[in-house]
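This briefing is meant to be read with the sequence and the 3D structure open. Look up each residue as it comes up.

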Amino acid sequence: MSSRAEILRRLGEQTQWDVLIIGGGATGLGAAVEAASRGYKTALIERSDFAKGTSSRSTKLVHGGVRYLEQMNITLVMDALRERGRMLHNAPHLVHDLSFVVPVFDLFGLPYYGFGLKVYEWLSGKLSFGPSSILSTKETQQLLPGVRTQSLRGGVLYHDGQFDDARYAIALMRTFEDLGGTAANYVEATGLIEQNGKTIGAHARDLETNDLFDLRAKVVINATGVFTEQVLAMDGDRETLLSVSQGSHFVLPPDFLPSSNAMMIPKTSDGRVLFAIPWHGSTVVGTTDEAVERASVEPRSMASERAFLLDHIHKYLGRKPRREEILSVWSGLRPLVRKGSGGATSKLSRDHTILVRPSGLVTVTGGKWTTYRRMGEDAINRAAEVGGLPSQPSRTTLLRLHGWSRDAVAAESDRVYGSDLPKLEQLSQENPALNELIHPKLPYRMREVVWAARHEMARSVEDVLARRTRALFLNAQAAIEAAPRVADLLAKELKRSEESKTRDLENFYTVARGYIYEDEE
Ligand SMILES: Cc1cc2nc3c(=O)[nH]c(=O)nc-3n(C[C@H](O)[C@H](O)[C@H](O)COP(=O)(O)OP(=O)(O)OC[C@H]3O[C@@H](n4cnc5c(N)ncnc54)[C@H](O)[C@@H]3O)c2cc1C
């Protein structure tokens with residue numbers, strides 16, 4: 001992996017790119033891999049860290065969306081199921097099959113969900129993750145220990161995918177670089193360059209040095225998630241395109257769901273879907289769906305969301321978590337494309353949208369993590385037309401991502417490195433201090449910090465603890481306690497001053513405090 005200095009030099013030297021992508025979440029990185037794999041000279045800039053936005057805050061499901069089946073959006077479900085199979089095939093170190101159990105509390109529910117989930121399985125065809133089946137009450141209790149037993153009539157078992165979203169984004173960034181692409185984090189697009197009514201590039205600012213520079217390209221792609229309208233406004237478009245909806249999650253100790261299976265409640269009392277999922281040794285519960293007025297970089301859970309999660313954990317998992325049992329709270333913002341105005345955000349489509357402005361600016365937004373590759377393919381098809389690039393077929397359906405490996409590695413925190421794992425192990429063989437855990441309650445070692453700085457463009461303590469490892473998402477207090485050690489090692493790796501290390505640490509504490517659950521009283 002090139003150093004940041006080398007990447008910035010490449011950005012500065014290239015006089016014209018074929019494709020310039022603004023935004024380094026799932027959508028931008030997916031489009032970047034798509035473009036580079038077709039042989040287009042491609043650059044991507046991200047104003048924060050890769051996947052800092054929505055793409056590190058998902059429910060971690062690689063799924064067709066059982067809910068969309070109920071809404072009869074068959075095309076979306078089939079597309080997503082196809083992409084689910086491709087993600088497992090192309091990144092088996094980051095995606096795996098997970099068994100889900102739907103506990104059923106009324107007699108009509110068993111045939112209804114049993115049939116619905118059979119259709120879900122059929123729709124995935126050859127890419128099925130496994131058969132669904134109807135369970136007795138006893139089997140449901142065995143597979144979901146702790147589930148509410150009152151009125152329990154049985155359950156339905158089905159299969160879907162689970163992944164580590166931020167690690168997947170890092171694998172996309174590394175794949176892009178392996179394909180010859182150039183991606184930089186902490187570089188912001190501050191405006192668009194226009195010539196004769198056409199968008200021919202973007203003004204950029206390196207947020208580490210404040211240096212300004214211009215990037216010129218045959219076509220520019222706006223992949224900025226909930227900030228899409230900010231980039232459209234740079235092009236003179238002030239229409240409202242998106243509705244923003246927030247979803248929050250709680251992370252609980254594993255004894256809330258002492259099982260390797262996930263629980264799915266298809267319809268809560270107010271009509272939402274709720275998941276409780278084992279993830280990196282903890283239980284993730286979510287999510288909510290609340291309309292918000294404005295997009296923000298660090299969304300915070302609302303009292304109504306916390307109350308919803310507390311009530312439903314109590315209702316379905318038998319007890320209300322105590323304050324200290326809520327290890328982390330995180331929220332993400334969905335960029336949903338408006339269809340008319342009004343109505344609940346949970347009813348808005350999760351399909352993606354591609355818009356081409358008269359200036360040639362291509363915007364891709366909406367969709368889901370699971371459909372990122374398809375969004376990239378569609379966006380680059382349009383971009384190639386707009387930019388007059390030589391037509392090339394897509395090559396990403398079977399493209400293996402960086403680190404591809406099917407090796408059975410016991411610890412999930414190690415498995416995400418795939419074929420790079422032996423190189424991490426070598427680091428700690430050469431220096432045994434790097435084999436130490438960053439914190440006794442977290443599964444990560446000091447070697448991950450070195451690796452993140454040298455090979456994954458981590459620039460801050462937050463990059464390391466939130467997205468290269470998932471410490472902040474798993475246990476916010478432990479991440480805060482680990483931060484000083486991580487900051488020391490990171491500053492040494494990046495040759496940073498004591499002053500800059502202290503600033504970095506303070507920034508991390510400010511962000512991390514928002515992941516700690518605060519009592520409502
Ligand atoms: C609570 C929740 C749960 C979800 N769960 C799932 C799930 O389980 N499975 C699933 O498939 N999908 C899920 N999704 C949907 C999925 O997470 C999103 O569809 C996806 O992450 C959106 O990615 P994106 O790249 O479009 O946006 P983002 O990840 O937000 O990326 C946009 C990026 O653009 C950058 N940017 C903005 N302006 C500029 C600028 N001027 N210059 C440079 N960079 C800029 C931002 O910093 C940001 O990093 C969930 C979403 C939410 C909110």
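Which residues is Thr-268 in contact with, leaving aside its neighbours within four places in sequence? They are Leu-274, Phe-308, His-312 and Tyr-316, where contact means heavy atoms within 4.5 Å. This is a predicted model, in which local features need pLDDT of at least 70, side-chain atom pairs count only at pLDDT 80 or more, and totals for chains, interfaces and linings use all residues. Residues are numbered from 1 along each chain as its sequence is written, and side-chain values use heavy atoms, with hydrogens and water left out.

**The chain as a whole**

- The protein chain has 17 helices and 18 strands; these are DSSP runs numbered from the N terminus, with helices being H or I of at least four residues and strands being E of at least two.
- A compact globule of 521 residues would have a radius of gyration near 24 Å, and the 22 Å of the protein chain agrees with that. The radius is taken over C-alpha atoms, and the globule rule is 2.2 Å times the number of residues to the power 0.38.
- The C-alpha trace spans about 65 × 55 × 45 Å along its principal axes.
- Of the 521 residues, 61% count as buried. Buried means under 20% relative accessible area, exposed means over 50%, and partly exposed is in between (1.4 Å probe, protein chains only).
- Among contacts with a separation of 6 or more, 73% come from residues 24 or more positions apart.

**Two buried loop residues**

- Thr-268 is found in the loop between β12 (262–265) and β13 (274–279), and it is buried at a relative accessible area of 4%.
- Thr-268 and His-312 are 44 residues apart in sequence, while their C-alpha atoms are 8.1 Å apart in space.
- Asp-237 lies in the loop between α8 (228–234) and β11 (242–252), and is buried with a relative accessible area of 12%.
- The side chain of Asp-237 reaches the backbone nitrogen of Glu-239 at 2.9 Å.
- Not counting residues up to four places away in sequence, Asp-237 touches Glu-229, Leu-232 and Arg-357.

**An enclosed helix**

- Eight of the eight residues of helix α14 (residues 461–468) are buried, so the helix is largely enclosed by the rest of the structure.
- Its buried residues pack against α7 (165–178), α13 (446–455), α15 (471–474), α16 (476–494) and α17 (498–513).

**Salt bridges**

- The whole structure holds 52 salt bridges, each being a side-chain nitrogen of Lys or Arg within 4 Å of a carboxyl oxygen of Asp or Glu.
- Asp-18 and Lys-218 meet in a salt bridge at 3.1 Å, N to O. This pair links distant parts of the chain, with Asp-18 in strand β1 (residues 17–22) and Lys-218 in strand β10 (residues 212–222), 200 residues apart.
- Asp-18 is buried, with a relative accessible area of 15%, whereas Lys-218 is partly exposed at 38%.
- Asp-164 and Arg-470 form a salt bridge, with their closest N and O atoms 2.6 Å apart. Asp-164 lies in the loop between β6 (154–163) and α7, and Arg-470 in the loop between α14 and α15, so the pair ties together parts that are 306 residues apart in sequence.
- Both Asp-164 and Arg-470 are buried.
- Glu-83 and Arg-86 form another salt bridge, at 2.9 Å between the closest N and O atoms. Both lie in helix α4, three residues apart, about one turn of the helix.

**Backbone exceptions**

- Most residues other than glycine have a negative phi, and most peptide bonds are trans.
- Ala-51 has a positive phi of about 65 degrees, and Lys-60 has one near 70 degrees.
- Ala-51 is in the loop between β2 (42–45) and β3 (61–62), and Lys-60 is found in the loop between β2 and β3 as well.
- A cis peptide bond joins Gly-286 and Thr-287, with omega about 10 degrees.

Methods:
A polar contact is a pair of N or O atoms within 3.5 Å; within protein, one must be able to donate a hydrogen and the other to accept it, and residues adjacent in sequence count only if both atoms are side-chain atoms.
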